[in-house]
Amino acid sequence: MKPTRPVLPREFVAVRKRRRIMAAMAELTAEQGYEATKIADLVRRAGVARKTLYDNFDGKEEVFLGAFDSAVTEVAARIQESCVDIGDDWAERISAGLRAFLAYIAENPAVARMCLVEAISATPAASTRYDDAMQRFVDLLRQNAPADTGLSATIEETLVGGVAWILHQKIRRGEAEQALELTPELLDFVLSPYEGVEKLR
């Protein structure tokens, strides 16, 4: 008598299919860009029926936005988790957060390209999501940086924007998997304004 195959809960199966569709979007946009990616490509890569895609998403743009939002949520959670046990050392918190971010980029090169390259111009809604995500990371830096530094009120926007631009260039060159190699350079870039103020106190 053959062992019976366990029946997976319907909700579990639906979530897995949704994740496969979003993963397919990241892979395809990394390979050929958002504009060239079609619904037919997505269902083929994800291994799902066209109806399954439309049961979960309104269309290609919603798949892209869902994949983008999922990635931002995941990397922000990693950054926060990396900082939680460090205590009051602001430099160590920022360092841990940046390393967590770069590790995520290196581990997920297709997702990184989708978020830091394709999202900027894929659609107006995607561009807005990109701006919102940048603000989220600005807020994370501001929460962990020293207070009352006397630096410009836009220093965190400048630093996050600079990191994003450097990574944008590296990803476009196909070097996302080497993102951690940028750690010393980016740490110096992000920490130096605050360290300069600390030395004057």
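**View 1. Phe137 and its ring partner, Phe101, in a predicted model.** Start with Phe137: its relative accessibility is 13%, under the 20% cut-off, so this residue counts as buried. Phe101 is buried as well, because its relative accessible area is also 13%. The two form an aromatic pair, with 5.7 Å from centre to centre and 45° between the planes, and the geometry is classed as tilted. Phe101 belongs to helix H5 (residues 90-107) and Phe137 to helix H7 (residues 124-144), so the contact ties together parts of the chain 36 residues apart in sequence.

**View 2. Tyr34 meets Phe64.** By the pairing rule used here, the model holds three aromatic pairs. In the one shown in this view, the ring centres of Tyr34 and Phe64 are 5.1 Å apart and the planes stand at 75°, so the arrangement is edge-to-face. Distant parts of the chain are linked here: Tyr34 sits in the loop between helix H1 (10-32) and helix H2 (39-46), while Phe64 is in helix H4 (residues 60-83), 30 residues apart.

**View 3. How buried are Tyr34 and Phe64?** Tyr34 has 7% relative accessibility and therefore counts as buried. Phe64 is buried too, since its relative accessible area is 2%.

**View 4. A charge over the ring of Tyr34.** Which residue places its charged end over this ring? Here you can look for Lys60, whose charged end lies 4.2 Å from the ring centre of Tyr34.

Conventions. Residues numbered from 1 in each chain as written. Predicted model: local features only at pLDDT ≥ 70, side-chain atom pairs only at ≥ 80, totals over all residues. Heavy atoms only, no water. Phe/Tyr/Trp six-rings, centres within 6.5 Å; stacked < 30°, edge-to-face > 60°. Helix = DSSP H or I, 4+ residues; strand = E, 2+ residues; numbered from the N terminus. Buried < 20%, exposed > 50% of the residue type's maximum accessible area, 1.4 Å probe, protein only. Lys NZ or Arg CZ within 6 Å of the ring centre and 35° of its normal.
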